[in-house]
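Here's a quick walk through one protein chain, from its overall build down to a few individual residues. Have the structure open while you read.

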Amino acid sequence: MKRYNKHYPWIFIILLLLVTILPLAGNSQQLPTILKTSLNAYSFNAPLMKGEMNLDDLLEYCAANQFDAVDITAYYFPGYPAVPSDAYLYHIKQKAFLLGLEISGTGVRNDFSDPDPAVRKASVELVKKWILAAEKLGAPVIRVFSGTADVKDIPREIVVDYMVADLKECVEFGKAHGVIVGIQNHHDFLQTADETIEIINRVNSDWFGLILDIGSFRTDAYQEIEKTIPYAVSWQLKENLYINGIEQKTDVNKIMSLIKKSSYRGYIPLETLGEGDPKVKVKLFLEEIREAMK
């Protein structure tokens, strides 16, 4: 009779681990970039504001066009800036789920650049209220702005100091409720990649990042985009961007190449602007994005 070798089980386990781990290690640089399409509700700003379309219609349009998600800006909820009833929020959440859609985010209007502490305090409270709404909707991120106040006579470092303090308060609240706060570079107080990165580094939280708006940089948009991608928690992919102040059609293949080279994974919300039927514009832009994603 053969004697049982007590080392056999360990040899088997080691061989199993090698078979499992080595292929993964060899392909670590070949893992696919997982990106999901989302539609920013601002693409339908006119019909939503005029009452020609509501959020149910928006969800049905997104589902019919096989979006993965929808980014529902808070302006389009009934009664904004007030938060609607839980019943309405849960209706939207349920409808999105039944249509196979995720809610990739929401966003508010605020101004953290205003020198009046009372104005900024109201903005902080607005963001907090909509963080709670985002939590109920299951939205992982809420978009905020820096601000548009006239601060030409105030040293920039002072504005940055009080802006960072307000953002930190919002971010801590967001962290407590499982909602990331994302600041959008919107060609307002924040106009360049360096200005945007300064704010993000000063806030210094894993629960804070950038909603990367490709259409709001005015120098070399592609360079600025590449510089800020490491801070992105979501996007606004637009049909046009700027090179040296000149508006031109977005090279979607180039944008997707930058994204694929980065560590970004997740939603790519598109936002169409300007004249024309938004239903047509969105479909055409979506087709272009999907082709570039391949």
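## Overall build

Of the 294 residues in the protein chain, 48% are buried. Keep in mind that this is a predicted model. The chain holds 10 helices and 10 strands. If you take the contacts between residues at least 6 apart in sequence, 76% of them join residues at least 24 apart.

## The barrel

So what do the strands build? Eight of them form a closed barrel, in the order S1-S2-S3-S4-S5-S6-S7-S10, and the pairing is parallel. From one strand to the next, the twist averages 30 degrees. Helix H9 (residues 252–261) packs on it and touches strand S1 (35–40), strand S7 (232–238) and strand S10 (266–271), with a direction at about 170 degrees to that of S7. Helix H10 (residues 278–293) also packs on the sheet, touching S1, S7 and S10, and its direction makes about 165 degrees with that of S1.

As a general point, strands of a sheet pair through backbone hydrogen bonds, either parallel or antiparallel.

| Strands | Sense | Bridges | Residue pair |
|---|---|---|---|
| S4 (residues 141–144) and S5 (residues 180–184) | parallel | four | Arg143 and Gly182 |
| S5 and S6 | parallel | four | Val181 and Phe208 |

Which residues touch the most other members of the largest nonpolar core? Among its 85 residues, they are Ile199, Ile225 and Trp235. Leaving out residues up to four places away in sequence, Ile199 touches Val160, Met163, Val164, Leu167, Ile183, Leu190 and Phe208.

Strand S6 is largely enclosed by the rest of the structure, because six of its six residues are buried. Follow the chain onward and you reach Phe217, in the loop between strand S6 (208–213) and helix H8 (221–228). Is Phe217 buried or exposed? Its relative accessibility is 0%, so Phe217 counts as buried, the cut-off being under 20%. Not counting residues up to four places away in sequence, Phe217 has contacts that include Asn185, Gln191, Thr192, Ala193, Leu212 and Tyr242. Helix H8 spans 221–228, and Phe217 also touches Glu224, Ile225 and Thr228. Ile225 turns up again here, having already been named among the core residues that touch the most other members. Phe217 and Leu190 are 27 residues apart along the chain, and their C-alpha atoms are separated by 9.3 Å.

## The largest pocket

How much space lies in the largest pocket? About 230 Å³. It's lined by 18 residues, and the closest to its centre are Tyr42, Tyr75, Arg143, Phe145 and His186.

Strand S3 (102–107), S4 and S7 each supply at least two residues. S7 gives the most, with three residues.

Terms used
Residues numbered from 1 in each chain as written. Predicted model: local features only at pLDDT ≥ 70, side-chain atom pairs only at ≥ 80, totals over all residues. Heavy atoms only, no water. Pairing = 2+ DSSP bridges. Axes fitted to C-alpha atoms, helices over the stretch in contact; angles between N-to-C directions. Contact = heavy atoms within 4.5 Å. Core = buried A, V, L, I, M, F, W, Y, C linked by side-chain atoms within 4.5 Å. Buried < 20%, exposed > 50% of the residue type's maximum accessible area, 1.4 Å probe, protein only. 1 Å grid on protein atoms, 1.4 Å probe; cavity = no way out; pocket = protein on both sides within 12 Å on 5 of 7 lines; lining within 4 Å. Points joined across faces, edges and corners; volume = space filled by probe spheres on them.
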